[in-house]
Structures are given as structure tokens and as C-alpha cells.
Amino acid sequence: MEAEGISAPLSLSAEFEGSFAYLTVRDRLPTILTKVIDTLHRNKDNFFKEYGKEGVQAEKTAISFLSRLRNELQTDKPVLSLTDNAEDSEAWNEYMRRQQDLMEDGRPVSWFKSPWLYMECYMYRRIQEALYMNPPMDKFDVFKEGKTQSYFESQQAIKTLCTYLQELITNMENMTEIQLRDSFLKLLQISLWGNKCDLSISAGQDNSQKSSPIDSLPDLQRFILVDDSSMVWSTLVAAQGAGSSGKKHARVDIILDNAGFELITDLVLADFLVSAGLAKQIRFHGKSIPWFVSDVTKQDFEWTIMQTMAANHKWMSASGVQWKHFMKEGTWSYHDHIFWTLPHEFCDMAVDAADLYSTLQGSDLILFKGDLNYRKLTGDRKWEHTVPFDQALRGFQPAPLCSLRTLKADVQVGLQPGQAEKLSSQEPDWMTNGRYAVVQFSSPCREQ
Ligand SMILES: O=P(O)(O)OC[C@H]1O[C@](O)(CO)[C@@H](O)[C@@H]1O
Ligand SMILES: [Mn+2]
């Protein structure tokens with residue numbers, strides 16, 4: 001739903017040679033595909049043990065599908081329709097027709113000529129097609145190993161964070177409002193920096209949290225380019241006062257990004273919100289298929305809680321037990337929707353996923369985690385850096401929302417005049433090196 005009269009700039013695309021999009025499509029995506037093929041190879045014996053000859057045959061066919069896919073990508077072949085008749089196939093094929101209509105001179109939609117956001121999402125959906133088309137591989141998560149490894153490699157940081165959380169909860173009754181606010185802002189920043197740990201930017205290489213997530217906060221402060229976190233706090237506080245009894249049942253929605261350490265930071269933040277009475281309900285939104293290497297699926301979500309419960313560490317397991325309890329009593333809930341794994345910009349949601357949009361409208365605060373969500377919020381376009389965040393959302397305003405994102409793609413809005421130029425002169429790759437971050441807020445009722 002585009003605000004009337006506001007036209008959007010061009011989409012980022014691999015057609016701009018030398019751009020980050022170009023380098024991603026040329027180098028990083030084929031590397032990720034090669035790793036996927038390798039993972040299937042390495043699991044051959046397991047497929048045989050589990051499904052016999054049928055499993056090995058499925059693995060072989062999926063590998064040859066994926067090798068063809070890599071070749072199509074590297075030789076800039078036209079994009080193909082999906083043939084797997086899954087729940088979302090028609091939405092993908094319809095999107096392809098839409099993209100085709102946007103191409104000049106009827107050129108076909110292809111890997112290096114079309115919007116980067118579309119092509120990168122499409123690659124992950126085609127990986128899934130290779131599996132859907134080859135049962136019993138259709139349930140296999142090719143990224144699972146990397147996600148679990150990243151959880152285990154962040155153990156020390158997880159222990160530190162869970163211990164910190166349990167200390168906060170113990171002292172919560174005696175906290176002043178200022179102390180509560182400070183603790184919230186710290187946990188929000190920890191969740192923000194948790195987004196450094198994704199496995200897509202590193203093409204699957206270890207990217208886990210090694211240092212203390214709490215001690216590193218002061219040093220990281222100067223890398224936050226826009227910090228609207230006080231507005232997030234005010235929104236939560238305002239949500240308490242509404243309602244006839246004076247107490248409202250505030251609901252926070254968290255649009256999750258990566259499994260591993262980042263997910264733990266999100267769960268810790270969500271625990272704090274409930275334990276402090278700032279939210280009565282937390283709805284987590286994850287992906288319905290394996291996505292961008294490390295994104296959270298339902299299975300990852302449940303595994304993470306079970307694993308944390310079972311940890312041989314008092315405060316980790318206490319946290320896990322509490323989280324399980326929140327899930328059981330319904331204070332927390334997990335949701336997925338095919339829209340999160342479609343290539344659409346979020347300004348399309350009101351029309352293309354009206355049910356999801358209206359669900360989100362019931363929220364008091366929506367937290368969007370990570371870089372890909374930011375790309376979809378802003379449409380992954382060549383915006384001037386000083387364009388206001390609200391404008392780049394192009395009418396996507398279901399409820400007060402905040403993006404918590406470390407920069408890993410060359411789109412950034414809402415900066416002060418001169419801020420981007422200064423950064424570019426000091427660090428030319430500031431938009432893609434993952435060292436910088438933003439906390440950007442937008443509210444439908446905010447005065448413009
Ligand atoms: O997990 P995140 O924060 O969404 O990061 C994934 C990002 O990594 C990249 O693959 C890096 O280019 C982007 O395409 C994507 O936005
Ligand atoms: Mn991700």
C-alpha cells in the first residue's frame with residue numbers, strides 16, 4: 001500500500017556491477033549453494049540408514065537439481081516458475097509475472113538483471129523446491145547443522161546472558177522505573193547486537209558470539225547510527241496505561257531473524273518484558289522453511305528452548321524451564337506465515353497477505369529483527385540516506401514498529417545530513433561490514 005504520490009527509487013540489483021548486490025549474487029550465493037550440496041553429500045549414509053535406497057536416490061536427484069540451479073545462477077539464466085505445488089508456489093509464480101511486467105523491452109527476469117531481494121529469496125525457495133520434489137528429503141533442513149553449531153559455539157555468552165537475566169528477575173521487585181528502563185534498554189541493545197551472528201553474510205562460516213554480550217555494550221554504543229530506543233520504551237509504557245482498568249494486556253510481536261545466539265538474545269528480552277509486566281503476551285514469528293542459512297524455523301525455536309532447559313548450568317536451565325512454561329501457558333506463542341518467506345517488500349503485505357497484516361495490527365509493538373527484515377521494510381531500494389524511515393516504509397504501518405538491525409546490505413535511511421558522507425570517507429564499506437547498527441522506530445500515530 002504505497003502512500004499516494006510517493007514514488008520509490010530503483011531496487012538494488014546485481015545489474016549494478018561492483019555493487020554489494022552484484023558481489024553477493026556472483027560470489028556468495030554460489031558458495032552457499034555449494035555448501036548445501038556438500039551437506040547433502042555428507043549426509044548420504046544417514047539418508048541410507050533412515051530411508052534405504054529411496055533416501056540415497058532422493059539425495060542424488062536433489063543434488064543434481066541444485067547443481068543445475070547453481071549453473072542457472074552463474075550463467076544468468078531466466079528465472080523458472082516453481083513446479084512443486086506447495087502452499088506458496090502460486091504466490092511465487094505470480095510474483096515472477098509481476099517482475100516480468102516491470103522488465104524493460106520484455107527481457108526475461110534473470111539472476112543478474114532483477115531485484116537482488118527477489119533473487120536472493122528465490123534462491124532459498126529453489127533450494128526448498130529441490131527437497132520438496134524429492135521426498136523423503138522434503139523434511140530435511142540443510143542448514144540445521146550450522147544453526148546448532150552456532151548455538152553451541154556461543155555457550156559461554158549464553159551462560160553469561162542467562163545469569164544476567166536471572167539476576168535481573170530476582171531484583172526486579174525493588175527496581176525503580178529508571179532502573180527498569182535501563183535494564184530494558186540494555187537487553188534491547190543485546191538483542192540488536194545479537195544480529196551480528198548470522199550465517200548468511202559469512203556464507204555459513206562460524207559467526208558465533210565469543211565475547212561477553214554485556215561487557216561489550218559500552219564500546220559498541222558509538223556504532224549505533226540511529227537510536228530510537230527511548231521511543232520503544234515510551235510505547236511500552238503507554239501500552240500499560242491504556243484500557244478501562246488502567247492495565248492493558250500489552251502485546252509485543254517479535255519478527256525473528258537468526259537461530260543460535262541471536263535467538264537467545266530475543267528470548268531473554270521477551271522474558272524480561274513479561275517478567276517486568278511490560279507485556280502480557282509475546283508472539284514470535286519465524287520462517288516456515290529453512291531460510292537465509294540461519295533463520296529460525298519452528299523446529300529451531302523448540303530445539304533452542306529444549307536445549308537451554310537441558311543445559312548443565314543452573315541459570316541457563318532455569319531460563320529454559322521458564323521459557324517452556326511461557327509457551328505452555330500461552331503467554332508466549334510461535335507463529336509462521338508463508339509471507340515471511342516470500343520475496344515481497346513489506347509495503348505489499350496489506351494487499352498480498354491481508355490476514356497477516358491485520359494480525360499485526362493487533363500488536364502494541366512489533367520488533368523486526370535483522371538485516372533482511374530491514375531490506376523488506378525499506379523495499380531494498382536506492383533511497384537517499386536522509387529519507388525518513390516512515391517514508392521508506394511506503395505505507396507499511398500496521399502498529400508501532402521498530403527495526404533492530406546490524407547493517408549488512410547497502411540500504412540505509414533516516415540518517416542526519418552529512419552522516420553517511422562522513423562514514424563513507426572513514427569506512428567505505430560501513431553499510432555492509434556488519435559493524436554498524438540501527439534502532440529505528442515508526443508509529444502510525446506519531447506526529448510527522
Ligand atoms: O540475518 P540477517 O541479519 O537478515 O542478514 C542476512 C543478510 O545477509 C545477507 O545475505 C548479506 O548480504 C543479506 O542478503 C541479508 O540481508
Ligand atoms: Mn537471517
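Taking a disulfide as a pair of cysteine sulfur atoms within 2.5 Å, the count comes to 0 disulfides. The structure is a predicted model, in which local features need pLDDT of at least 70, side-chain atom pairs count only at pLDDT 80 or more, and totals for chains, interfaces and linings use all residues. Residues are numbered from 1 along each chain as its sequence is written, chains are lettered from A and ligands numbered from 1 in the order in which they are written, and side-chain values use heavy atoms, with hydrogens and water left out.

C347 takes part in no disulfide, and the nearest cysteine sulfur, that of C121, is 14 Å away. C347 is buried, with a relative accessible area of 7%. C162 is also buried, at a relative accessible area of 0%. Here buried means under 20% relative accessible area, with a 1.4 Å probe and protein chains only.

The manganese ion (ligand 2) is coordinated at 2.1 to 2.3 Å by D257 (OD), N258 (OD1) and D295 (OD). Donors are N, O and S atoms within 2.8 Å of the metal (3.2 Å for Na, K and Ca); water is not among the atoms, so sites may look incomplete. The spacing of the donor residues in sequence is D-N-x36-D. N258 lies in the loop between β2 (251-255) and α11 (261-275), and D295 in the loop between β3 (281-286) and α12 (298-309), so the pair ties together parts that are 37 residues apart in sequence. Helices (H or I, at least four residues) and strands (E, at least two) are DSSP runs, numbered from the N terminus. N258 and D295 are both buried.

Two helix pairs were examined. The axes of α4 (residues 89-102) and α5 (residues 116-132) come within 12 Å and cross at roughly 150 degrees; axes are lines fitted to C-alpha atoms, for helices over the stretch in contact, and angles run from 0 to 180 degrees between N-to-C directions. This makes α4 roughly antiparallel to α5, a term for angles over 145 degrees. Across this pair, S89, W92, Y95, M96 and Q99 in α4 meet Y118, C121, Y122 and R125 in α5, contact being heavy atoms within 4.5 Å.

For α7 (residues 155-171) and α13 (residues 314-329), the axes come within 8 Å and cross at roughly 70 degrees. The two helices are therefore roughly perpendicular to each other, the range for which is 65 to 115 degrees. Residues of α7 including I158, C162 and L165 meet residues of α13, among them W315, M316 and W323.

Technical notes
Buried means under 20% relative accessible area, exposed over 50%, partly exposed in between (1.4 Å probe, protein chains only). Angles under 35 degrees count as roughly parallel, over 145 as roughly antiparallel, 65 to 115 as roughly perpendicular and the rest as oblique.
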